Amino acid sequence: MAAESHYRVATSPSDQVAPLLFSAAEQALDSEFELVEAESQYHAISMLEEGSVDFVANVISSDINGSKIAYSSPTNLEPVFAVSRKPIDWQNKLHIGLQVHSPYKQYLLSAFPHIDAVELFAESDMFNKLNQNEIDAFLITYRDLARVAKYDVFIESVDGILKLPPASVAALKKSPAAGLLTDIASVASEKTTALTIYDTIQQAIRSARLDALDYKVKRLFPLSYSLNIALEGRKPFSFYEAGQQKGIMLEVIESACRLLKFHCTITDTKHMTWEEIESQFIQGEVDVIAPYVSSEPRQLHTYFSDVIQEAEIYVVKRVGYKDHYYHSASELFLEKLGAVKADYSEYLWERYLPNKPITLFGTQEALIEALLSKKVDYIMLDSVSLNAMLADELLPIRPEMNIPSVHSVPVAVGFSKRDQHNQVAALFSEALELVDIEKIINAYDSPPDWQKIWISHNRISTLIYVIAALIIMMACVVAVLLYRTSRTDTLTGLKNLRSLERSYSKGSRKVRRYCT
């Protein structure tokens with residue numbers, strides 16, 4: 001098909017979005033778009049102002065672009081990353097490298113006025129400055145990730161930190177091309193095109209980060225590395241179903257092990273208490289423990305991965321027991337309290353109620369059973385475990401609604417402090433960023449439908465009342481029938497001898513009462 005119009009589009013090196021977007025635009029707008037490579041966004045804007053191109057793809061709105069530029073509606077994300085030697089504390093006084101005339105400088109200084117933005121001409125200059133500790137990090141787009149994968153660096157997404165806007169297509173104001181900006185944005189927003197662009201960007205990021213991770217693993221562990229892993233049997237983190245082990249932690253750890261190409265062996269802890277599992281970990285009999293809540297005492301013997309999930313801790317009781325009676329965990333000093341031995345909840349009880357005796361149990365199952373059998377009246381449970389219990393079966397337990405969450409705990413993976421486990425923990429954290437943790441959690445952690453549970457319990461209570469009323473009514477009917485049967489002759493229907501005797505006795509009592 002012959003094109004009605006021909007336009008030139010400036011794109012950045014290694015741009016994967018522009019070919020997809022303008023290929024779709026060619027078909028939709030019956031126009032031809034020629035892609036021209038520019039060294040940077042600043043160079044592309046200069047080409048636009050000179051008239052050598054009609055459009056610039058993937059432009060981040062910035063003051064340096066000038067007032068002559070017209071922007072389309074957002075067409076795609078343009079993920080940006082900070083490259084450093086170690087994790088960055090953005091509250092510190094930092095020196096951050098950027099390319100000269102970078103549009104990100106404006107957003108960097110707006111978010112962190114105390115940071116020194118160092119403008120450099122080439123990526124090689126940035127690496128040299130980083131290696132010489134003259135800068136703490138430098139910013140790159142997702143397209144440059146593949147080039148830094150071979151270096152031993154730490155890569156951090158900064159889109160949310162810097163509050164960067166999506167990218168747009170730019171043209172000169174009042175130019176013929178500016179009239180097409182709305183149509184090009186419409187093409188970009190079409191479902192098929194938008195999904196293709198998004199998937200392409202995410203795949204490019206994932207591929208580059210996998211390469212970077214693989215390079216680090218091969219450098220640190222040229223031979224195969226093995227880990228023995230102990231998982232606590234706590235649904236939904238780790239549990240057995242139909243003889244098969246499942247759970248959030250199992251899937252997350254196995255996914256990370258596959259990415260790292262580690263040989264990970266899951267230790268059988270099915271018949272072990274939490275105290276026994278933790279003791280094995282502390283003594284070095286296993287390398288990894290999960291789920292493990294990061295705390296100051298545990299950091300003495302443990303390297304922790306990044307947090308996998310934040311869980312809220314609630315005070316839990318039996319349904320109907322002292323509803324709306326207490327308003328703080330500290331008020332429970334007269335109640336029978338329970339916890340799993342050596343669990344974080346034991347520490348929390350001691351913090352809220354020092355010197356208060358706590359009944360300790362070996363496993364969470366034993367703790368729940370004790371609550372239901374009234375051996376204890378209150379326990380503490382994390383929101384994830386509580387949701388799993390109430391979603392699977394209608395246990396008559398509930399959080400005490402008047403007592404808010406007593407603590408928020410960071411659930412992570414723990415690595416014993418020996419060998420190279422500090423490096424293993426850091427690699428695990430990087431691998432976890434490439435695991436779809438949210439998808440795994442959502443498959444197991446389903447908050448209970450409280451309305452459905454309330455309706456179900458209401459129906460059960462109503463049914464019990466109805467059955468009790470029917471039993472009472474039947475008992476009354478039977479009593480009346482027995483009474484009648486005992487006083488009448490079944491053949492004639494007349495009153496029988498027993499009725500005559502009762503009437504005689506009744507009359508005799510009246511005669512004696514009134515005649516004496």
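Okay, hi everyone. Keep in mind that what you see above is a predicted model.

Let's start with the sheet. Five strands make it up, and it's an open one, ordered β7-β6-β8-β5-β9 with mixed pairing. At the edges sit β7, residues 116-120, and β9, residues 154-157, and each of those pairs on one side only. Going from one strand to the next, the twist averages 30°.

Now look at β9 and its partner. Strand β5, residues 80-84, runs antiparallel to β9, and four bridges join the two.

Next, T269. You'll find T269 in the loop between β14 and α10. So, buried or exposed? T269 has 4% relative accessibility, and buried means under 20%, so T269 counts as buried. Leaving aside residues up to four places away in sequence, T269 touches A230, L231 and I277.

Last stop, two helices. α8, residues 191-220, packs against α14, residues 421-432, with the axes 11 Å apart. The angle is about 165°, and over 145 counts as roughly antiparallel, so that's what we call α8 and α14. The crossing of α8 past α14 is left-handed. On the α8 side, the contact is made by L213, K216, V217 and L220, while α14 brings Q423, L427, E430 and A431. Sort those contact residues and you get five nonpolar, one polar and two charged.

That's it from me, thanks!

Notes: Residues are numbered from 1 along each chain as its sequence is written. This is a predicted model: local features need pLDDT of at least 70, side-chain atom pairs count only at pLDDT 80 or more; totals for chains, interfaces and linings use all residues. Side-chain values use heavy atoms; hydrogens and water are left out. Two strands pair if DSSP finds at least two bridges between them. Axes are lines fitted to C-alpha atoms, for helices over the stretch in contact, and angles run from 0 to 180 degrees between N-to-C directions. Buried means under 20% relative accessible area, exposed over 50%, partly exposed in between (1.4 Å probe, protein chains only). Contact means heavy atoms within 4.5 Å. Angles under 35 degrees count as roughly parallel, over 145 as roughly antiparallel, 65 to 115 as roughly perpendicular and the rest as oblique. A crossing is left-handed if the near helix is turned anticlockwise from the far one by less than a right angle, and right-handed if clockwise. Ala, Val, Leu, Ile, Met, Phe, Trp, Tyr, Cys and Pro count as nonpolar, Asp, Glu, Lys and Arg as charged, and the others, Gly among them, as polar.
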